Amino acid sequence: LIENSDDPVALFNSGFAVDADIRHSGSQMTMNVTGEDGPFNADIASGSGTVKMAMSGDQMSYDGTSQAITLNATGAEIPLPLNFTMEELSYGFAMPMLKQDGQQDFRLSMTLGALSIPEMLWGMADPGGMLPHEPATVSFDVAGKVTLFADLVDEQAMEEMEAPGELNSLTLNSLLVELVGAKLSGMGGFTFDNTDMATFDGMPRPEGAIDLNLKGANKVIDTLVEMGLLPEEQAMTGRMMMSMFAVPGDGPDDLNSRLEINADGHVLANGQRIQ
């Protein structure tokens, strides 16, 4: 029997824990809302999916996946019916709950996989079909370490403290953005010196680097200019900015960039100091 069940800190320190693993073959939800602006209707459905949740004195985590998602929406404020599909939605996070000696791990990730935009919307933005209409993907996975100064389940301590902890390190394990024919990917990481809050004006001084690769950006810019959606002067400014922060990669429309902050607090792009 766990005592002090009305005290979250004592509850977790007494061994309270939750561990759940839920799997389903599909889901469907219908919304019918009438407000001041008129009605709004939506149908959301998905294929198989999973939900995993764990909570204990060490850490809280929550992870989920869904496949074959569809969204159909109509409403008084929506000029035309919206029909979106997505092959995959996944998300996850984990964070410490109670303070301990030393640093603790955390993580955060999300994937919006193969999101298809309705051709009706593409017809409004790109009636000539000049841009690629392939599904878009956005995905990231970050992890790091923090030091907690108080238990996050201690409501009084949260109210009394300005900051419940400090960030010690942050790692970008993966980054992927695919949209209208361009692709951005990256990875890297930084550590943070919390004893130096002056170099970056109140922020702990980071040290490390992130490597980015961008494919197809110039082609997208050229297409937007040809479509009349992007003025030539703004396109030129954008290309100048890319040339400042990136160097040519292996392909004809391939750019690489290494953004680094060194031990002296200098910000460098591909070895050239920019701050």
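Is Asp 105 buried, partly exposed or exposed? Keep in mind that this is a predicted model, then select Asp 105: its relative accessibility is 42%, so the residue counts as partly exposed.

Next, go to strand 11 (residues 205-215) and strand 13 (residues 254-261), and pick Asp 211 in the former and Arg 258 in the latter, 47 residues apart. They form a salt bridge, and here the closest N and O atoms are 2.8 Å apart. Asp 211 is partly exposed at 33%, and Arg 258 is partly exposed at 36%.

Stay with these two strands and select Lys 215 in strand 11 and Asp 254 in strand 13, 39 residues apart. Their side chains meet in a salt bridge at 3.1 Å, N to O. Colour this pair by accessibility: Asp 254 is buried, with a relative accessible area of 9%, whereas Lys 215 is partly exposed at 35%.

For something with several partners, select Asp 193, Asp 196, Arg 205 and Glu 207, which are linked in a network of salt bridges.

Time for rings. How many aromatic pairs does a search of the whole structure find? One. Select Tyr 62 and Tyr 91: the ring centres are 6.2 Å apart and the planes sit at 15 degrees, under the 30 degrees cut-off, so the pair is stacked. Tyr 62 belongs to strand 5 (residues 59-75) and Tyr 91 to strand 6 (residues 82-96), 29 residues apart, so to speak a link between distant parts of the chain. Tyr 62 counts as partly exposed at 30%, and Tyr 91 is partly exposed at 28%.

Last stop: the helices. Show helix 4 (residues 217-227) and helix 5 (residues 232-245), which pack at about 170 degrees with axes 10 Å apart. That angle is over 145 degrees, so helix 4 runs roughly antiparallel to helix 5. For the contact, select Ala 217, Asn 218, Ile 221, Asp 222 and Val 225 from helix 4, which meet Glu 232, Ala 235, Arg 239 and Met 242 from helix 5. Colour by residue type and this contact divides into five nonpolar, one polar and three charged residues.

How values were computed. Residues numbered from 1 in each chain as written. Predicted model: local features only at pLDDT ≥ 70, side-chain atom pairs only at ≥ 80, totals over all residues. Heavy atoms only, no water. Axes fitted to C-alpha atoms, helices over the stretch in contact; angles between N-to-C directions. Helix = DSSP H or I, 4+ residues; strand = E, 2+ residues; numbered from the N terminus. Parallel < 35°, antiparallel > 145°, perpendicular 65-115°, else oblique. Contact = heavy atoms within 4.5 Å. Nonpolar A, V, L, I, M, F, W, Y, C, P; charged D, E, K, R; others polar. Phe/Tyr/Trp six-rings, centres within 6.5 Å; stacked < 30°, edge-to-face > 60°. Buried < 20%, exposed > 50% of the residue type's maximum accessible area, 1.4 Å probe, protein only. Salt bridge = Lys/Arg side-chain N within 4 Å of Asp/Glu carboxyl O.
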